[in-house]
Amino acid sequence: MRVNVSSHDLKVSDHKHHLHPFTEHGALGIDERRVISRADGVWLWDTDGNRIMDGMAGLWCVNVGHGRQEIVEAVRAQMSELSYYNTFFKTTHPPVIELSQMLSDLAPEHINMVFYAGSGSEANDTILRLVRSYWALKGQPGKNVVISRKNAYHGSTMAGASLGGMGAMHSQGGLPIPDIHHIDQPYWFGEGMMTGMSEDEFGLWAARELERAIEEIGEENVAAFIAEPIQGAGGVIVPPATYWPEVKRILEARDILFVSDEVICGFGRTGEWFGSGYYDMKPDLMAIAKGLTSGYLPMGGVLVSDEIAEVLHNEGVEFFHGYTYSGHPACCAAAIANLTIIKREGLVERVRDQIGPYFQERWKALEDHPMVGQARMVGMFGALELVPDENDLKKRFDNVGKVGTITRDHSFANGLVMRAVRDSLIISPPLSITEEEIDVLIASARKTLDAAWNDVRKQGLA
Ligand SMILES: *Cc1c(COP(=O)(O)O)cnc(C)c1O
């Protein structure tokens, strides 16, 4: 009883004083919110005494799972030795030196430098300024347009949201900022299928949208192409097999930087260290965050190629940019401990060879459910496309998002956090999840689909 009373008080206070990110406050009932108070491994506990499986690894970030005392201890030790010092003006410190070495060893051979930020959004802000500065330093200041994709997610700051291709975000605050151009995304199930092209044809078509955009804007005006290897927040959109090889061909023939946004794809999510490695792409810059610290402390960064670093190393050149917390010692300590766990436990290889294939097989089997039009997964993240009629996969629910939300709410009630994107469900659990836990996850997902399908038919939505 006491637990419930205090839980309600917490919710009332939260309702009064806490403005949540990405939340429709008018529709969020006081008791509808959950107060998550503890976590261990893949499990969360709320203040109402419920145990819930974290099928989203927080927000795609808790790659090593919750409650790792090794990371906590590393941060504690660093905080007591040197809790803060900056990295501006000719100073540095041991944890930032150690982390930079570690990241350079993990990154592709031609990438050996790191610039630090506080988040993935900040990393992309840095990237936007860096690519434009790079071309200006090379005597081509006109090369300042960045090409991105519709429905991409690159963060929520002015530059991050502008680089991203989310219409709802652009509709507020006068975005996107100038000189960012969005092309169509390689989303076969959502868009390609309706064109009559095969999946492979559509992959080529979507890749060639990049070529068409470059020709239209003029190569001499294009600084970079930025993309997530697999779009995460957009709905775990796995491009057709033809897409990345064609983009590679297009980029190789042109003098344009390629920026891989690895904020979700990095640090094992695809079964490789980086998503660009999974697709055999060679980025000039990589945005990192999320799995870098598994979310234990906030940190982002930009991995910089030798070619770009060389331009910045010229005498008289200064990049007038940095954050007070660039390379924060405690965040570096968290990242080092986190990467040490990923390496020691072989989590990346485990996703590629063992737990990934185990999960993928069971996830894809959900396609036999009448409400699932497609179940896709790469490494350890995937999506279920919910459809009203399994015999006509081009059909969609009216009122986009309604069925997704109904199904997501059932999932929560069944003790599993999945996320709804339009009318699809997203999954992205910690990479440390066990086979037994995956069995529990799949059973909850099936129960969720059954309950939601029942509701959907009762309400006449299908
Ligand atoms: C989450 C995310 C970001 C933004 O990271 P924040 O730490 O939330 O600022 C950028 N890019 C991608 C691909 C992301 O998923």
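**Overall surface, then one histidine**

Modeller: The protein exposes about 20,100 Å², and carbon and sulfur atoms supply 52% of that area. Areas come from the Shrake-Rupley method with a 1.4 Å probe; for residues, only the protein chains shown count as cover. This is a predicted model: local features need pLDDT of at least 70, side-chain atom pairs count only at pLDDT 80 or more, and totals for chains, interfaces and linings use all residues. Residues are numbered from 1 along each chain as its sequence is written, and side-chain values use heavy atoms, with hydrogens and water left out.

Biologist: What share of the residues is buried?

Modeller: Of the 462 residues, 54% count as buried. Buried means under 20% relative accessible area (1.4 Å probe, protein chains only).

Biologist: What about helices and strands, how many?

Modeller: The protein has 17 helices and 14 strands. These are DSSP runs: helices are H or I with at least four residues, strands are E with at least two, numbered from the N terminus.

Biologist: New topic. Where is His-170?

Modeller: His-170 sits in helix H7, which covers residues 167-170.

Biologist: Why does His-170 count as buried?

Modeller: Because its relative accessibility is 16%.

Biologist: And which residues is it in contact with?

Modeller: Leaving aside neighbours within four places in sequence, His-170 is in contact with Ala-161, Ser-162, Gly-164, Gly-165, Leu-175, Pro-176 and His-182. Contact means heavy atoms within 4.5 Å.

Biologist: Back to the whole protein. What box do the C-alpha atoms fill?

Modeller: Roughly 70 × 60 × 45 Å, taken along the principal axes.

Technical notes:
Buried < 20%, exposed > 50% of the residue type's maximum accessible area, 1.4 Å probe, protein only.
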